[in-house]
Structures are given as structure tokens and as C-alpha cells.
Amino acid sequence: MTVGSSDWGDWLPRAVESASPDTLAIWYLGCNGFILKASDGTTVYIDPYLGLGDPPRTLRMIPVPFDPEDVTEADAMFGTHEHVDHVHGPSQAPILANTGADYYTADAGHDVIDEEDWTGNWGVSDDQLHEIEEGDTVELGELTVHVEPANDPDAIHPVSLVFEHEAGTFFHGGDARPGEFEAVGEEYDIDVGVLAFGAVGNIPDKETGEDVRTRWYSDENMVIEAANELQLDTLVPTHWDMWKGMTTEPTVLHNHAASFEYPETLRIVEIGDRFDL
């Protein structure tokens, strides 16, 4: 799964680099990728994936927003779990090599780094690579990042991430489903939370190539259940745009959320969109 050439040129990384947010600016990269930039300039990438998938099993349905070589400013990057669209050398290692940013992921993500040989193939240095686990805290400029549990039955070691800034709190759940978030919701007052949302698809099996009924993400009811566990003020659904057979319509969540206390607000973002805390 190599990267494709960007459909958009370099306007998005240039927009991020030139931005001077008053609080915390957040850009959606499609799939489950994000860029955060704080008012002090601290810039953090989360799960940026620039690959095309593995046709015909996984087919990318959205543009490749930039080429990794075009990123010249980043302080840190996080991988929520070891799946290829979250920890991916061709997408991420050139950014680390160009910027000197630190990379944080759990032990299973580091297994991918070793298998892909990020240090040998892309010149990432060992001191840029950091292993994280539940309960860890990482200080990055104005951002305090807490590593929390995640329920993703398809992953070996998934984590979720809480980003605290003086302007508010941003949560990234990776591809997790409900079941591990109640304690997180009690611990933090989360202003905006990101949860993966998608259809159940008929996807070719890796080994046989035969179509198999497949669930990778929360459906409409599950994502609202997770939002209530987290007590989210605002829910941003993600991943609904990415894979053929797994795409869905995020505005239906207005109906599913209507009778529940949370989320208070549903925010739909598309690839390339920016919003601020």
C-alpha cells in the first residue's frame, strides 16, 4: 500500500503552516486523519493516511490531500492503532524525516514500524520513535495529550487520545467502538470528539477473495452509544468517506442522536475542512 500522488497539490500543508489560530485549529484529512495546530504553533498529526488502499479489497473513495514530502512543519504525530490506514510508513515516515517530529504509537504500531523499516527506508531516527500505552501523558507545547483505552476488536493494541488545550478538549477515538469510554467520559469534559462511523460492507476476504459481510466501524446506533459514554458536547463522525462498500451518509446521525443526551451537537466535516475549538 504505497501512497498516490496528491490530487490537490500542496495547498493544504501550506494552509496549515501559514495559519495563526487564536485557539486550537483542527483540519480533517479524510479517513481518520487530522492535523491540530495550537495558538503557540505546536502542530500535531493524527493518523494521516495518504495511501490508495489495496484494490480491489480496499478502494480509496476520496482525494489524496497532499504528498508527505510537502509537509515541512510538524512537532509530533500519533498512530491510534496498527492498521495500515493509521500506521503507514509511506504516508508518515517522510513527514517524520523531513520535520524531525516525534512519533507516538503503541507496541503493535511499533511492530509495523520495524516491519517496514522506517529508519532504514526513510531515515527516521530511533530517538523520534516513542511507545505509548494507556495512562501515559505527553506534553507538547500548549497541548497535554492523555492516552486512554479503546475497544477495537479488529486491532491488536488500539488506544484513544485526549488533547487538552486552554481553549477546550479534543478527543480522537481511532476506529474504536463503544465499550471502553465511560471512564474517559467521566474523567474529561470533552468539547469535540472524533468517532469512526461506517456501513457494514460486503468486502473480499484477504485470503480467499470471496465477499464476506464485514464490520470495521461503529454503525449509527453504536456511534451514538459511544458518544454518550464519552458525554460529548460535539460529535465529529469520521471514516464514513473512505472505503468503497463502507461509506455512509453522516447526516443520518441527527436522527439517531435526537432522543439522547449526547452529543449535544453533530458536526459534519469533509476532507480538507478546518474548524476551531
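Which residue forms a salt bridge with D219? Some friendly notes on the charged residues follow.

1. **Ground rules.** This is a predicted model, in which local features need pLDDT of at least 70, side-chain atom pairs count only at pLDDT 80 or more, and totals for chains, interfaces and linings use all residues. Residues are numbered from 1 along each chain as its sequence is written, and side-chain values use heavy atoms, with hydrogens and water left out.

2. **The opening pair.** The partner of D219 is R215, with the closest N and O atoms 3.4 Å apart. A salt bridge here is a side-chain nitrogen of Lys or Arg within 4 Å of a carboxyl oxygen of Asp or Glu. D219 counts as buried at 17% relative accessibility, while R215 is partly exposed at 29%. Buried means under 20% relative accessible area, exposed over 50%, and partly exposed in between (1.4 Å probe, protein chains only). By the salt-bridge rule, the count comes to 5.

3. **A pair in helix α1.** E17 and R14 also meet in a salt bridge, at 3.0 Å from N to O. They sit 3 residues apart in helix α1 (residues 11-18), so about one helical turn separates them. Helices (H or I, at least four residues) and strands (E, at least two) are DSSP runs, numbered from the N terminus. E17 is buried at 18% relative accessibility, and R14 is partly exposed at 29%.

4. **R274 and its surroundings.** R274 lies in strand β18 (residues 274-276). Its side chain meets that of D276 in a salt bridge of 2.8 Å, N to O. R274 is partly exposed, with a relative accessible area of 38%, and D276 is partly exposed at 33%. Elsewhere, salt bridges that share partners join D10, R14 and E17 into one network. Back at R274, its C-alpha atom is separated by 9.2 Å from that of I35, 239 residues away along the chain.

5. **Negative patch.** D107, D111, D114, E115, D117, D126, D127, E131, E133, E134 and E180 form a negative surface patch. Patch members have over 30% relative accessible area and no salt bridge, and like charges are joined within 9 Å. Helix α3 (residues 107-116) gives the most to this patch, with 4 residues. D107 has its place in helix α3 and is partly exposed, with a relative accessible area of 34%.

6. **The annotated span.** UniProt, in an unreviewed entry, lists residues 42-240 as "domain: Metallo-beta-lactamase"; such annotations may be inferred rather than shown by experiment. In the model, this span is 22% helix and 30% strand, and its end C-alpha atoms lie 28 Å apart.

Methods
Patches are made of residues with over 30% relative accessible area and no salt bridge: like charges are joined within 9 Å, nonpolar side chains (Val, Leu, Ile, Met, Phe, Trp, Tyr) within 5 Å. Accessible areas come from the Shrake-Rupley method with a 1.4 Å probe; for residues, only the protein chains shown count as cover. Lys and Arg count as positive and Asp and Glu as negative; His and the chain ends are not counted. The place of a charge is taken as NZ of Lys, CZ of Arg, CG of Asp or CD of Glu.
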